[in-house]
Amino acid sequence: MRDFAVLYLQQFKTTFASMLQYRASLFIWMISAVLEPLIYLIVWSTVSVSRGGSVGDYTAGQFAAYFIVFMLVNQVTFTWIMYEYEYRIREGLLSPALLRPVHPIHADIAENISSKLVTMPVMILIAGGLALIFKPTASFQVWTIFAFIPALVLAFLIRFLIEWTLAQSAFWTTRVSAFNQVYFVLVLFLSGQIAPLSLFPRAIQVLANILPFRWMIGFPVELILGRLTPIQALTGIAAQVFWLVVSLGLVRVVWRAGIRIYSAVGA
Amino acid sequence: MTSTSIHVKDLHKTYVVSKRESGVLAALQSLVVRQTEEIPAVDGISFHLAPGEVVGFLGPNGAGKTTTLKMLSGLLHPTAGEVTVLGYVPSKRERAFLRQITLVMGQRNELVWDIPALDSFELNRAIYRVPPSDYRLMLKELTELLELGPLLHKPVRNLSLGERMKCEIAAALLHRPQVVFLDEPTIGLDVTMQRRIRKFIAEYNRKFGATVLLTSHYMADVEALCRRVIVIHNGKLLFDGELSSLVQKFTAHKTIVVQLDDVQADMHSYGEVVSREDGHITLRVPKAETARVTERLLANLPVIDLLVEDPPIEEVIERVFAQESA
């Protein structure tokens, strides 16, 4: 355990240092991370104002709160591994990783977290600025804030493990980008990214509860904004734990199978 | 097992590649029936290395050297045959195994591009769980042997190729591996740097008793480091033995390169003319004749420059191959 702490600490230091070398690209990337939820925010508050104050169970101020918090939660849980993996395999960057006596996923987790640590303060400032402009309304409660923390950690882990597993598709196909597109469309609609899930038809909501996407972003957002009952919060966290177990299993199985292919055809 | 560090028996690796003729019809056909072709990269080789041995692994491009090194380090699964390294089966990639080996490849990027090499070293220390005191000692030693001092604090991307290679080698050896695989460690480096790296490899071997298996296209690397060489061609083992006997056995010739004032001079009475370029004429002469031919050249022709050398390693190996298949 101590060895792992040292490993993560060192990995943090390393990626931290390289991240800071790329301030410009981090900044450009952050603009897009802000713009997307901002557009949804503006669209939905405009619609709600023109509809006499609200759409479904969301007022303009509640939309503002939803999308600002969504932006932050998405910032915590998102990964870029699916874009990167094919390049890694093609460029032979995986081979050195395979020679090391640690699972390569640890380097990726540490890299992800350290880049978030660099960008998060800026994102929080931006969120504060957006809050001043768009006047969000939300009813925070003490218990939802406490429940939010495990929900957020679980959301991060599920999303990371699932996207890391999907990134392994690069072992089997060279058409990774088509594969990724399908995934991102599913996230867009079923995680609550384009609109809160309670505005969708009943059937879509059921689907969103079965699939993992809501548990990766939408659920912690709804939770902290006080939109869930304690029972809903608990079942949500149970669903997250279920997906955590499933995705852990998936990572193991898919990684092993992928490596078998990699080491058969020429590493 | 005690006297064997690397044990390879009847090792095979066959790549299956899809084959397709060019043209539209063939493209359509390949949608229905995928034609595949089996390419044997390593075709039944066997050898043993004792602990502490430094062995040169030679062969022309595509002979199967890198494929073999990858199988020995666990990156590739053998198609058939037996491999053990330090008693481990490499393809299982057990942590205890990975902690005791290293593979340095010319194109391998052990170092993080944007940060100083020292930071990458620290990361490797954590990855390989090197105790702090051992790490400090090893770092000091590597810094001295490879003269890394001024390089350690510069971002890797600002280093020259040779400087980077030195740092790569240091990073690969910080955990003091017992078995070291080197794939073209001096490729693209200038002569001084080649010599330094050679000296370092010899030193590392002597100090830590590590087993070293190295491939190189530079005869000088092999001559300086390896008493024993293993030669493979087309995936088959052609020679395994003392380097001196390889050279003796297969190079009965020397190469003489002369630069003449008279480009038209007839050279056929001196030896076999291999090439004639820009006034440089390359001759092949029997080893025993070398002194006499040189003498005659200098006496009879307007010689500007003259160079006597052993044929390049590729040629030696080609000769080995030619003799074996004849």
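In the predicted model, helix 1 (residues 2–20) of chain A packs against helix 6 (residues 105–134) of chain A at an angle of about 50°, the two axes lying 8 Å apart. Helix 1 of chain A is therefore oblique to helix 6 of chain A, and the crossing is right-handed. On the side of helix 1 of chain A, the contact is formed by A:Leu7, A:Tyr8, A:Gln11, A:Phe12, A:Thr15, A:Phe16, A:Met19 and A:Leu20. Helix 6 of chain A contributes A:His106, A:Ala107, A:Ala110, A:Glu111, A:Ser114, A:Ser115 and A:Val118. By class, this contact comprises 9 nonpolar, 5 polar and 1 charged residues.

Between the chains, 27 residues of chain B are in contact with 24 residues of chain A. On the side of chain B that touches chain A, helix 3 (95–98) and helix 4 (117–127) of chain B each supply at least two residues. Helix 4 of chain B gives the most, with 6 residues. This side of chain B has 11 nonpolar, 6 polar and 10 charged residues.

Within chain B, helix 6 (residues 161–173) has 13 residues, which at 1.5 Å a residue should span 18 Å; the end C-alpha atoms are 18 Å apart, in agreement with that expectation. Of these 13 residues, 10 are buried, so helix 6 of chain B is largely enclosed by the rest of the structure. The buried residues are B:Glu163, B:Met165, B:Lys166, B:Cys167, B:Glu168, B:Ile169, B:Ala170, B:Ala171, B:Ala172 and B:Leu173. They pack against strand 5 (101–105), helix 4, helix 5 (132–146) and helix 7 (191–208) of chain B.

Technical notes: Residues numbered from 1 in each chain as written. Chains lettered and ligands numbered in written order. Predicted model: local features only at pLDDT ≥ 70, side-chain atom pairs only at ≥ 80, totals over all residues. Axes fitted to C-alpha atoms, helices over the stretch in contact; angles between N-to-C directions. Helix = DSSP H or I, 4+ residues; strand = E, 2+ residues; numbered from the N terminus. Parallel < 35°, antiparallel > 145°, perpendicular 65-115°, else oblique. Left-handed = near helix turned anticlockwise from the far one by under 90°. Contact = placed C-beta atoms within 7 Å. Nonpolar A, V, L, I, M, F, W, Y, C, P; charged D, E, K, R; others polar. Expected span 1.5 Å × (residues − 1). Buried ≥ 20, exposed ≤ 12 C-beta atoms within 10 Å, placed from the backbone.
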